Amino acid sequence: MMVNKLELLAKLEHDQWVGWTKQIFNEWGYNLPEPLIRRWSRNWIAYEELSEADKEKDRQLAREVLEALNEKG
């Protein structure tokens, strides 16, 4: 099965972001602004469930990774 590298990296980026924001929330949630918590928690879902606009944010970061890897050979 051929996996699209861009989508794979975008999914990994999202998974990493979810883990990072949940860790921050667990450690500092009581100090975080409520609008930030609401925005973050709306996106604590599987990559496949994100809106296309939110997926595109992760894809953009994935493109940057692919570009950096291509530059390095």
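Ala, Val, Leu, Ile, Met, Phe, Trp, Tyr, Cys and Pro count as nonpolar, Asp, Glu, Lys and Arg as charged, and the others, Gly among them, as polar. This is a predicted model, where local features need pLDDT of at least 70, side-chain atom pairs count only at pLDDT 80 or more, and totals for chains, interfaces and linings use all residues. Residues are numbered from 1 along each chain as its sequence is written, and side-chain values use heavy atoms, without hydrogens and water.

**View 1. The largest pocket.** Its space is about 240 Å³. A pocket is an open set of points on a 1 Å grid over the protein atoms alone, where a 1.4 Å probe fits, with protein on both sides within 12 Å along at least five of seven lines; lining residues have an atom within 4 Å of a point. The volume is the space filled by probe spheres set on the points. The lining includes Trp 17, Arg 39, Asn 43 and Leu 50. By class it has 4 nonpolar, 2 polar and 6 charged residues. Helix α3 gives the largest share, 4 residues.

**View 2. Helix α1 against helix α3.** Residues 5-28 form α1 and residues 52-72 form α3. Helices are DSSP runs (H or I, at least four residues), numbered from the N terminus. The two pack at about 115°, with axes 8 Å apart. Axes are lines fitted to C-alpha atoms over the stretch in contact, and angles run from 0 to 180 degrees between N-to-C directions.

**View 3. An aromatic pair.** The structure holds 2 such pairs. In one, Trp 20 and Trp 40 are tilted, 6.0 Å centre to centre with 50° between the planes. Trp 20 sits in α1 and Trp 40 in α2, 20 residues apart. Rings of Phe, Tyr and Trp (its six-membered ring) pair if their centres lie within 6.5 Å; planes under 30 degrees apart count as stacked, over 60 as edge-to-face and the rest as tilted.
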